[in-house]
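Subject: Structure for you to look at

Dear colleague,

I am passing on a structure that you have not worked with before. Please open it first, and then read the notes below it.

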Amino acid sequence: MIFDIDMIREVYNQLPGKVARTREKLGRPLTLTEKILFAHLSPGVAVKNYKRAEDYVDFAPDRVAMQDATAQMALLQLMNSGRKNVAVPSTVHCDHLIQAYKNAANDLQVAKVTNEEVFNFLRDVSNKYGIGFWKPGAGIIHQVVLENYAFPGGMMVGTDSHTPNAGGLGMIAIGVGGADAVDVMAGLPWELKMPKLIGVKLDGKLSGWASPKDVILKLAGILTVKGGTNAIIEYFGEGTSTLSATGKGTICNMGAEVGATTSIFPFDEKSAAYLEGTGREEVAVEARKIISCLQADPETAINPHSYYDQVIEINLSELEPHINGPFTPDAAYAISEFAKVVKENGYPRQMEVGLIGSCTNSSYEDLTRAAHIVRKAKEDGLSVNAKFIINPGSEQVRFTAERDGILQEFEDAGAVIMANACGPCIGQWKRTDEKSERPNSIVTSFNRNFAKRNDGNPNTHAFVTSPELVAALTIAGDLTFNPLTDTLTNAGGEQVKLAEPVGFEMPPKGFAVKDAGYQAPSEDGNKIEINIDPNSNRLQKLKPFEPWDGRDYEELPLLIKVKGKCTTDHISMAGPWLRFRGHLDNISDNMLIGAVNVFNGETNKTLDPVTLQYMEVPALARKFKAGGLGSIVVAEENYGEGSSREHAAMEPRHLNVKVILVKSFARIHETNLKKQGMLALTFVNKDDYNKIQERDKISVVGLTGFAPGKNLKIVLHHPDGSTDEFEAAHTYNEQQIGWFKAGSALNMSSTIHSK
């Protein structure tokens, strides 16, 4: 079955003409990114040389994808929009609410019972509004999208930060918040700051232990977690055509960890082979007809510095396997230096759990390469010396891998096969072997490794690497083991070197599946009623946020001044809190509980300026709100890094936080704050962060003249009666200022939605 083939044909029919007009208008060759972006300008938007990382531009994406945790809030907003059905093909994927504990069968059944209310809500709303529904167990959203919906030259938004996974098939796929998704589903223009372009030239060919994951692990070390902010990473060069489609997906997926808007590879025969192997031969045929539109113009590769804002070169033939971490995905180390790093930093050397899966690395190719290592080790008399967990990426991958004996090889080595879901990658892991907060090390094929992310233990040292190295280190049970050079002692006392990984990009017998888990929406959604129990603790109807009162913010109490890294995991934790993703008031009890207070070095302890006692952050915010007070949050660099979860913006809005003042924002989070009517400001002089005292009352002056490019003034009222003043910058345009004044983007556009 080919989904949305008529839409894809229409995109391909128009693409050559749009690319030609853009090339003529701009008067120069085009990168692949530019071809797709300009071909998806919203109707009426002019083709011109927009200033990268400055100009906001309206686009018209082809489709929307939502995972179950974020879909709840997105669909609750859609219900308030006045919309009758979605304007573009859209899907919901149930992958986040399945906790990994015992095994696939048990965990899936428990999830269906535990989350029945939420799954039924998502199913019914999908039915009503014409949205495709992928049932629990169908697989991880990004793997399912790659297998069924991603197509070269298309444009998609998704309510998950790893939506860029589809870039492996040449699609511009961007992670957004639910309000952005609602705009697209409603057929409204979708606004994006025209991104910068980072060109990554790939030469050579991978071999041995090196894998596609190592490309992005190395790149993360080069760019850091914010080096890709407001930029699209476009891969080019002869090396791109040597990588499998799923390998390219892995690279694009983890581009989110450098803050990139998205990442993309050109269409080639590897792309076509994957389309054909997943039952979409007609798409491959049509794509080949317009292949020049699905690749950058040749001139851009000859002189890349003239077309990209930054150019990075990676030789695949020389690329070493990498391991990144702990606690941040940009701490990148080649395997040859990693043992020294472990010893020098005192990281727990014993490797306790190896985990293969996640949207980043759960393809058939990933599983076969890791299974090959496990099988050969067993043949050589070696056993696995750490716990081993496998999460297949989709039911299609799982069914095929089971048919081909791949899963049995893992199970024979002692591995547990978990459900086709995110599981431990997002904190949905009931880890029974870790009952304290003792330091320990795990190695994963995931994308993120922030403190507490996987198992809730702040002292779990999580290291991110390829499935191949996860398998090797799980066999060794030793974090300092280097499979390229080291040997292990087998049952017979012999020294054995692990065999280099070998796998299959595509199943030799083709993919197979009995029930992929898809449910088509009702043809007449008007008859479907959506009922939410007012006493539910899982779901809650949304009430519109109050509009701005037209006045400056005067003497707001400081809620918390955050020290260091503050990701969306710190602002709105996942794990056990996922159950409240459809209930704004309940989930607001996790607001900023993971953020470190600069004044005491602790989490979830902030000073009540009246009682001078420390309170939990959400409790103090609720106290301020009950007293009719707003508040302000102050933080450091790249605030809101990580997941796209708009709960990290909606919770402060719900608890009457008025302003987020930081040194810099992560892209998705800044947009989410704007969409929810929050005031997102940055220090003009970052040293002004140091002026803010624990009991300050903070005013924001100049809101009555709020305008694009015009700084606002911050006045600090210190407890001793003295004051400090400095400027704060913002990136709001006229439309976004309208969102702020209306109380949210949804408030401003709901009348348009209903037409």
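Helices (H or I, at least four residues) and strands (E, at least two) are taken as DSSP runs and numbered from the N terminus; on that basis the protein chain has 24 helices and 30 strands. With the radius of gyration taken over C-alpha atoms and the globule rule being 2.2 Å times the number of residues to the power 0.38, the chain's value of 25 Å is close to the 27 Å given by the rule for 755 residues, so the chain is as compact as a globular protein of that length.

Please bear in mind that this is a predicted model, in which local features need pLDDT of at least 70 and side-chain atom pairs count only at pLDDT 80 or more, while totals for chains, interfaces and linings use all residues. Residues are numbered from 1 along each chain as its sequence is written, and side-chain values use heavy atoms, with hydrogens and water left out.

Buried residues (under 20% relative accessible area, with a 1.4 Å probe and protein chains only) make up 63% of the 755 residues. A nonpolar core here is a set of buried Ala, Val, Leu, Ile, Met, Phe, Trp, Tyr and Cys residues joined through side-chain atoms within 4.5 Å. The largest such core has 106 residues, and those with the most contacts inside it include Y12, F59, I131 and W190; its largest share, eight residues, comes from helix α1 (residues 5–26). A second, separate core of 50 residues includes I571, F624, L661 and M678.

Counting heavy atoms within 4.5 Å as a contact, and leaving aside neighbours within four places in sequence, I131 touches residues including M66, M185 and P521.

Best wishes
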